[in-house]
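Please look at the sequence and the structure before reading on.

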Amino acid sequence: MKSHLKIIDRILDKIAESQSICVVGHVRPDGDCVGSELGLTLALRKQGKTVRCWNQDAMPQKYAFLDPDKILQTPGRAQTFDLVIAVDCASFDRLGTLGAAVGKRKFLINIDHHLSNTRYGDLNWISAREASTGELIFRLLQAANWPITSAIADCLFTAVSTDTGSFQYPTTKPVTYHTAGELVKLGANLETICHEVYQSFSLSRIRLLKHVYSHFRLTHKDQIAWFWLKKKDFARTGADRSDTEGLIDHIRAIEPVVVACVFEEIDTDLIRVSLRSKSPKINVSEILGQFGGGGHAAAAGARIAGKPLSVQRRVIGAIKKALNSAS
């Protein structure tokens with residue numbers, strides 16, 4: 001805890017001496033990324049800073065309610081910033097096109113909760129003990145004694161809730177509930193958040209979910225479940241990439257399944273792989289670490305070059321080996 005307080009002080013000192021700031025996050029932003037980016041941006045603007053909030057990809061529709069003023073933008077031309085703050089991004093490559101867009105920065109701060117973070121910043125606050133980056137942003141704002149408005153509370157509660165599977169994942173700890181409770185006290189609107197995030201889905205997403213239930217496969221005594229999402233599936237259903245968030249949880253929930261896997265066609269011979277584990281004995285971050293990916297013990301991802309079936313065989317083979325070693 002002491003080292004964390006020291007790093008927070010160093011972050012706040014750097015923010016204090018900076019005027020132009022850009023807050024960035026990982027490609028294909030999820031709820032933790034969006035909530036952390038927006039929450040921090042709103043807080044910094046309240047302190048009189050000139051702040052841009054950028055992401056390579058557009059805001060997923062399900063989180064648009066957090067950003068009525070459309071603060072989160074795709075990057076414009078490269079600019080010079082006193083300070084860039086990357087949140088919830090485990091590696092510099094995961095910033096995508098933002099890496100070049102913020103290339104003229106004077107200083108880079110990296111705030112994240114992924115154990116696999118490569119510590120690419122000039123200053124790095126990496127704490128894998130937290131279940132979400134939103135919790136780190138909350139701690140930062142508390143330490144700074146900056147006001148947390150209801151809009152900021154909505155963003156940070158969404159960040160915490162989504163990255164813990166609505167407080168169901170094993171990463172959820174007592175402090176996670178405490179943070180969520182404090183955010184509700186500060187005005188987080190549970191009714192709106194729960195409706196927008198968990199109870200409202202586009203028709204295109206439902207069509208994509210139908211595809212998942214029709215095409216998932218099981219292997220290794222039904223302990224591994226997987227499905228493919230190809231470009232033609234998005235074209236046929238009218239879905240976009242943001243509609244895929246959470247689909248993996250539907251096959252993860254199948255009773256015998258220990259590891260769930262999604263293979264998503266990104267480009268010719270480039271596959272995005274996502275893994276989820278239900279067993280503390282199976283660390284999917286270690287599995288995908290063999291392919292240049294990473295994340296958390298129970299949730300990880302990677303982008304793997306190769307022919308689709310070759311990538312599938314290699315990844316499924318690595319999962320089988322991990323399951324055999326754990327048995």
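**Salt bridges and sheet packing**

R28 is buried, with a relative accessible area of 17% (buried means under 20%, exposed over 50% and partly exposed in between, with a 1.4 Å probe and protein chains only). The model is predicted: local features need pLDDT of at least 70, side-chain atom pairs count only at pLDDT 80 or more, and totals for chains, interfaces and linings use all residues. Residues are numbered from 1 along each chain as its sequence is written, and side-chain values use heavy atoms, with hydrogens and water left out.

**Salt bridges**

- The structure holds 10 salt bridges, a salt bridge being a side-chain nitrogen of Lys or Arg within 4 Å of a carboxyl oxygen of Asp or Glu.
- One of them joins the side chains of R28 and E264, at 2.8 Å from N to O.
- E264 lies in strand β9 (residues 259–267) and R28 in the loop between β1 (20–25) and α2 (31–46), so the pair ties together parts that are 236 residues apart in sequence.
- Helices (H or I, at least four residues) and strands (E, at least two) are DSSP runs, numbered from the N terminus.
- E264 is buried, with a relative accessible area of 1%.
- D267 and K231 meet through their side chains in a salt bridge of 3.8 Å, N to O; D267 is in strand β9 and K231 in helix α9 (residues 231–237), 36 residues apart.
- D267 is partly exposed at 42% relative accessible area, and K231 is partly exposed at 38%.
- D269 forms a salt bridge with K307, with the closest N and O atoms 3.4 Å apart.
- D269 is in the loop between β9 and β10 (270–277) and K307 in the loop between β12 (299–305) and α12 (308–326), so this pair ties together parts 38 residues apart in sequence.
- D269 is partly exposed, at 29%, whereas K307 is exposed, at 54%.
- Salt bridges that share partners join R28, R241, E264 and R272 into one network.

**The sheet**

- An open sheet of mixed pairing is formed by 6 strands in the order β7-β8-β9-β10-β12-β11; two strands pair if DSSP finds at least two bridges between them.
- β7 (217–219) and β11 (294–295) stand at the edges with a single partner strand each, so one side of each has no neighbour in the sheet.
- β11 and β12 pair in the antiparallel sense over 2 bridges.

**Helix on the sheet**

- α12 packs on the sheet and touches β7, β8, β9, β10 and β12, where contact means heavy atoms within 4.5 Å.

Technical notes. Axes fitted to C-alpha atoms, helices over the stretch in contact; angles between N-to-C directions.
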